[in-house]
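Student: I would like to learn how to read a structure like this one. Could we go through it feature by feature?

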Amino acid sequence: MFHAAALPRMRKRPRPEEVARPGREDVKFRDVRLYLVEMKMGRSRRSFLTQLARSKGFMVEEVLSNRVTHVVSESSQAPVLWAWLKERAPQDLPNMHVVNITWFT
């Protein structure tokens, strides 16, 4: 006979939208706002890196906007990334730093 009470309870992993974001007091780098390009890294990797960045005191923007100071990309060739950014980026693209993931990690 099967008894549900005998099985250990499985904990669900929190979904990215359920993970708490750092409050203002946790932000260490107030003049740096990251945007992680998801082109090659995928949604779960982007979610992991976003959580890591926030735990280290960075602000991470979910949308590419004029507030972004650093665009972080992984495994993207420069011409492809620049073409992608020019299609989606705000007018402030020349003022943003576009960096490889190694800058962040």
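Student: Does E61 count as buried or exposed?

Tutor: The model is predicted, and every value here is computed from it. Buried means under 20% relative accessible area. E61 has 14% relative accessibility, so E61 counts as buried.

Student: Which residue meets the side chain of E61 in a salt bridge at 2.5 Å, N to O?

Tutor: Side chains of opposite charge can pair when their charged atoms come close. Here the partner of E61 at 2.5 Å is R33. Both E61 and R33 are buried. R33 sits in strand β1, and E61 in the loop between β2 and β3 (70-73), 28 residues apart, so this is a link between distant parts of the chain. E61 also forms a salt bridge with R67, with the closest N and O atoms 3.7 Å apart.

Student: How many salt bridges does the structure hold?

Tutor: There are six. One of them joins E74 and R45, whose closest N and O atoms are 2.9 Å apart. E74 lies in the loop between β3 and α2 (78-88) and R45 in helix α1, 29 residues apart. E74 is buried, with a relative accessible area of 14%, whereas R45 is partly exposed at 31%.

Student: What is the reach of α1 from its first C-alpha to its last?

Tutor: An α-helix has 3.6 residues a turn, so residues three or four places apart point the same way. Helix α1 has 13 residues and reaches 18 Å, close to the 18 Å expected at 1.5 Å a residue. Its buried residues are R46, S47, L49, T50, A53 and R54. They pack against β1, β2 (59-60) and α3. After α1 comes G57, which has a positive phi, near 105 degrees.

Student: Which residues make up the largest nonpolar core?

Tutor: The core has twelve residues in all, including V32, L36, L49, V60 and F104. At least two of its residues come from each of β1 (33-36), α1 (43-55) and α3 (101-104). Another core, of eleven residues, lies apart from it and has V37, V71, L85 and M96 among its residues. Leaving aside residues up to four places away in sequence, L36 touches R46, L49, T50, V60 and V72.

Student: Where does pLDDT stay under 50?

Tutor: That stretch is residues 16-24, for which the model has eight contacts beyond four places in sequence. The chain averages a pLDDT of 79, and 75% of the residues score at least 70.

Technical notes:
Residues are numbered from 1 along each chain as its sequence is written. This is a predicted model: local features need pLDDT of at least 70, side-chain atom pairs count only at pLDDT 80 or more; totals for chains, interfaces and linings use all residues. Side-chain values use heavy atoms; hydrogens and water are left out. A nonpolar core is a set of buried Ala, Val, Leu, Ile, Met, Phe, Trp, Tyr and Cys residues joined through side-chain atoms within 4.5 Å. Buried means under 20% relative accessible area, exposed over 50%, partly exposed in between (1.4 Å probe, protein chains only). Helices (H or I, at least four residues) and strands (E, at least two) are DSSP runs, numbered from the N terminus. Contact means heavy atoms within 4.5 Å. The expected span of a helix is 1.5 Å times one less than its number of residues. pLDDT is the predictor's confidence in each residue, from 0 to 100. A salt bridge is a side-chain nitrogen of Lys or Arg within 4 Å of a carboxyl oxygen of Asp or Glu.
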